[in-house]
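Colleague: I have a few minutes before my next run. Can you walk me through this one?

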Amino acid sequence: MTASHPRHRRALVIPAGMAVATALAFLPNTAATAAPAADEAAVTSAEATPLSYVVNVRGGHGTSAHVKKAIGRAGGTIVTSYDKIGVIVVHSSNPDFAKTVRKVRGVQSAGATRTAPLPSAATADMGTPKVLSAAEVAEAEAAEGQDPLQPLQWDLPAIKADRAHEKSLGSPEVTVAVIDTGVDDTHPDIAPNFDRAASVNCVSGKPDTSEGAWRPGPSESAHGTHVAGEIAAAKNGVGMTGVAPGVKVSGIKVSNPDGFFYTEAVVCGFVWAAEHGVDVTNNSYYTDPWYFNCTNDPDQKALVEAVTRASRYAERKGAVNVAAAGNENYDLAADEITDPVSPNDSTPSDRVVDPSECYDIPTQLPGVVTVAAAGAKGLKSSFSNYGRGVVDIAAPGGDSTAYQKPEAPATSGLILGTLPGGKWGYMAGTSMASPHVAGVAALIKSTHPHASPALVKALLYAQADATACADPYDINGDGKADAVCEGPKNRNGFYGWGMTDALDAVTR
């Protein structure tokens, strides 16, 4: 059954009057269910729930005939296999499939990627972005050399991107992949920089390269398109300007029509990026259905293992992986966190987790750049997760205008981005902070084309503007601390190494 309370992602909703909106529209999934297992498969009842699984084996050698046969005997049908990282995607209606396959020689871990059947249950609509009207677009007055809507983008001067653009817009040889809900490449601000060859639909766990498969459907979330514009909206006299308006951007669609980001799709996304020359990936989501995946649970352990292998493979092939920290104002370095939303595709329940053993993936995976959000006044956004030793860097993600109002001519404390259908609008969340860092990483890669992912990350952190903790942090002014920041100016729980710096990225 569908979760009865809001499902939080990396862009968030704040009640009316605080004017924060999100592009998470979820509609019923129309995808077909898995094909029946082979004749030798285990017998399952007509009422059995068809689920998707990942089976992890030794990478680099292909799936052995022994394992393939065992998967079939256990009632599984192989959808696809990523042999280089040893991850097999399987559909099965056998409720004991994972338990059975874990006993097979050569299988290192296996687990269900969801708790709802294929296709998954739909959730309620959670709102849409605050769209700029035609009149608002027409009324925008830009200075010479600016795109028309750039005066509304307080986030660009906040990271010195406006000054960086005087030096460099970034290289068209660099591609940032938006692993997300899909990208509308027909948008006039995205089309000039779109990398079709690096774009794909990975929703089923298997690449679909048909024309336009990477685009969101008419009723699907605008989230990925908004993110893509933040990164690389072209400086072309139209609309807004991205952080790195000279680089390429691709769309890797991993969110199904219900808005779920399941493990098999995320694995496919990272592997596709790895094998198609992507330099940076942006990941403004968490992998459903578990907000935190606990390694003492055999199913969740398998999901962590599969996404870890895929993200590490992408990094080995040259990609810097950037991810949003999340929007629940959690201290990810705390001893324990109450997770009330998992599993979000069936019936969630409150559970207390240790974030050092239960991971938000890909955000907390090794090597991933974890990004916290700041508002127009430079303070941690009211919603942003934080945590000393977890957050690596901060960037503008917006906040309620009532909390952090920007300087004129900008009017909204949210982040402007592109929307499907040639529109523009505002959103807020760590979803919006992460693409700022992805854009800066792309500028670094443009400046240092031979830099390894490790060097790009080192420069990203070294060039960040150290930002001290707010003490106390009372964002709503009620006299009570809303979060506690720990650590020195150059490495703390709110801002990590500091605020990302686009100017240094093109001059140092």
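Modeller: We can start with the annotated site and then turn to the sheet and its helices. Keep in mind that this is a predicted model.

Colleague: Fine. Which residues does UniProt list for "active site"?

Modeller: The UniProt record, an unreviewed entry, lists Asp180, His223 and Ser431. They are spread over 252 residues of sequence, yet they cluster in space. The largest C-alpha distance is 10.1 Å.

Colleague: Take Asp180. Where is its place?

Modeller: Asp180 lies in strand E6, which covers residues 175–180.

Colleague: Is Asp180 buried or exposed?

Modeller: Buried. Its relative accessible area is 0%, and the cut-off for buried is under 20%, so Asp180 qualifies.

Colleague: What does Asp180 touch, leaving out residues up to four places away in sequence?

Modeller: His223 is one of its contacts. Others include Gly224, Val227, Lys253, Phe261 and Ser284. There is also a polar contact of 3.5 Å between the side chains of Asp180 and Thr181.

Colleague: And where is His223 found?

Modeller: In helix H6, residues 223–232. His223 has 2% relative accessibility, so it counts as buried too.

Colleague: How many residues of H6 are buried?

Modeller: 10 of its 10 residues, so the helix is mostly covered, given that buried means under 20% relative accessible area. Among them are His226, Glu230 and Ile231.

Colleague: What covers the buried residues of H6?

Modeller: The cover includes strands E6, E8 and E9. It also includes E17 (415–419), E18 (423–427) and helix H9.

Colleague: Switching to the sheet. What is the strand order?

Modeller: E7-E8-E6-E9-E11-E15-E16. That makes seven strands in an open sheet, with parallel pairing.

Colleague: Which strands stand at the edges?

Modeller: E7 (200–201) and E16 (393–396). Each has a single partner strand, so one side of each is left without a neighbour in the sheet.

Colleague: How many bridges join E15 to E16?

Modeller: Four, and the two strands run parallel. E15 covers residues 369–374. Within that pairing, Ala373 stands opposite Ala395 in E16.

Colleague: What does H6 touch when it packs on the sheet?

Modeller: E6, E8 (248–253) and E9 (280–283). The direction of H6 makes about 160 degrees with that of E6.

Colleague: And H9, which strands does it touch?

Modeller: H9, residues 430–447, packs on the sheet against E6, E9, E11 (320–324), E15 and E16. Its direction makes about 120 degrees with that of E15.

Notes. Residues are numbered from 1 along each chain as its sequence is written. This is a predicted model: local features need pLDDT of at least 70, side-chain atom pairs count only at pLDDT 80 or more; totals for chains, interfaces and linings use all residues. Side-chain values use heavy atoms; hydrogens and water are left out. UniProt positions are given in the numbering used here, feature names are shortened, and annotations may be inferred rather than shown by experiment. Buried means under 20% relative accessible area, exposed over 50%, partly exposed in between (1.4 Å probe, protein chains only). Contact means heavy atoms within 4.5 Å. A polar contact is a pair of N or O atoms within 3.5 Å; within protein, one must be able to donate a hydrogen and the other to accept it, and residues adjacent in sequence count only if both atoms are side-chain atoms. Two strands pair if DSSP finds at least two bridges between them. Axes are lines fitted to C-alpha atoms, for helices over the stretch in contact, and angles run from 0 to 180 degrees between N-to-C directions.
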